Amino acid sequence: MAQRTSNERAMSEHPDVLDLQRQFGSSLSSPSTVLGDGLMALAGVWVAISPWVLGFSLTSPAMRNHDLIIGLVVAAIGLGVTGFAERGGGLSWVAVPLGVWLILATWIVPSIGPGMGLIWSHVVAGAVMVLTGASVAGLAFMSKLRAK
């Protein structure tokens, strides 16, 4: 295996790579992006705990499992993008289809007559996921365009 000479640099130390990371990371760590990621994470946590808060965890086990999985995934995306902005900015778009699915799942996933609390919870949390996911993804896209 060849060894590096003293005048060779690692790719991670290349000035262009460092400049792109700084530029992309600074736009994704802006207050508006952090607010969007935080709201996305809160919406995910709410969806994950809502079966127990709203009281349908025993009457609708399919919806309970669905909400727990979707909520944990969205919370992980929100927290992951916030913690690793320069590397995770491309993941926020995933919250958009998950939010749409959450709204539609109210009537698709088998449950014993979704109550108004479940419907409102899914519609509001799904809308928050769609809006925050789209806004953070849009900011990441605009950052890439500015970098070119």
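Which residues does isoleucine 70 touch, not counting residues up to four places away in sequence? Isoleucine 70 touches Leu98, Trp101 and Leu102, where contact means heavy atoms within 4.5 Å. The paragraphs below place this residue in the whole structure.

The structure is a predicted model, in which local features need pLDDT of at least 70 and side-chain atom pairs count only at pLDDT 80 or more, while totals for chains, interfaces and linings use all residues. Residues are numbered from 1 along each chain as its sequence is written, and side-chain values use heavy atoms, with hydrogens and water left out.

The protein contains 6 helices and 0 strands, so its pattern along the sequence reads α-α-α-α-α-α. Helices (H or I, at least four residues) and strands (E, at least two) are DSSP runs, numbered from the N terminus. Of the 148 residues, 35% count as buried. The word buried means under 20% relative accessible area, exposed means over 50%, and partly exposed lies in between (1.4 Å probe, protein chains only). Among contacts with a separation of 6 or more, 73% come from residues 24 or more positions apart.

Isoleucine 70 lies in helix H3, which covers residues 61–83. With a relative accessible area of 9%, isoleucine 70 is buried. The C-alpha atoms of isoleucine 70 and alanine 95 are 9.6 Å apart in space, although the two are 25 residues apart in sequence.

Both of these residues belong to the largest nonpolar core, which has 11 residues: Met40, Ala43, Val47, Ile70, Val74, Ile77, Ala95, Leu98, Leu102, Ala125 and Met129. Helices H2, H3, H5 (95–108) and H6 each supply at least two residues of this core. A second, separate core has 5 residues, including Phe56, Met63, Val109 and Leu118. A nonpolar core is a set of buried Ala, Val, Leu, Ile, Met, Phe, Trp, Tyr and Cys residues joined through side-chain atoms within 4.5 Å. In soluble globular proteins, nonpolar side chains tend to be buried together.

Alanine 43 is placed in helix H2 and is buried, at a relative accessible area of 8%. Leaving aside neighbours within four places in sequence, alanine 43 is in contact with Ala125, Val128 and Met129. From alanine 43 to glycine 99 the C-alpha distance is 9.7 Å, across 56 residues of sequence. Alanine 125, in turn, is found in helix H6 and counts as buried at 5% relative accessibility. Beyond the neighbours within four places in sequence, alanine 125 is in contact with Ala43, Trp46, Val47 and Leu102. Alanine 125 and glycine 44 are 81 residues apart in sequence, yet their C-alpha atoms are 7.7 Å apart.

Alanine 48 has its place in helix H2 and counts as buried at 5% relative accessibility. Apart from neighbours within four places in sequence, alanine 48 is in contact with Asp67, Leu68, Gly71 and Leu72.

A polar residue can be followed in the same way. Serine 121 is in helix H6, residues 116–147, and is buried with a relative accessible area of 7%. The side chains of serine 121 and tryptophan 46 are joined by a polar contact of 2.7 Å. A polar contact is a pair of N or O atoms within 3.5 Å; within protein, one must be able to donate a hydrogen and the other to accept it, and residues adjacent in sequence count only if both atoms are side-chain atoms. Setting aside neighbours within four places in sequence, serine 121 is in contact with Trp46, Ser50 and Leu54.

The protein exposes about 8,700 Å², of which carbon and sulfur atoms supply 71%. Such areas come from the Shrake-Rupley method with a 1.4 Å probe, and for residues only the protein chains shown count as cover. Val45, Ile49, Val53 and Leu54 make a nonpolar surface patch of about 310 Å²; one of them, valine 53, is found in helix H2, residues 31–54. Patches are made of residues with over 30% relative accessible area and no salt bridge, with like charges joined within 9 Å and nonpolar side chains (Val, Leu, Ile, Met, Phe, Trp, Tyr) within 5 Å. A salt bridge is a side-chain nitrogen of Lys or Arg within 4 Å of a carboxyl oxygen of Asp or Glu.
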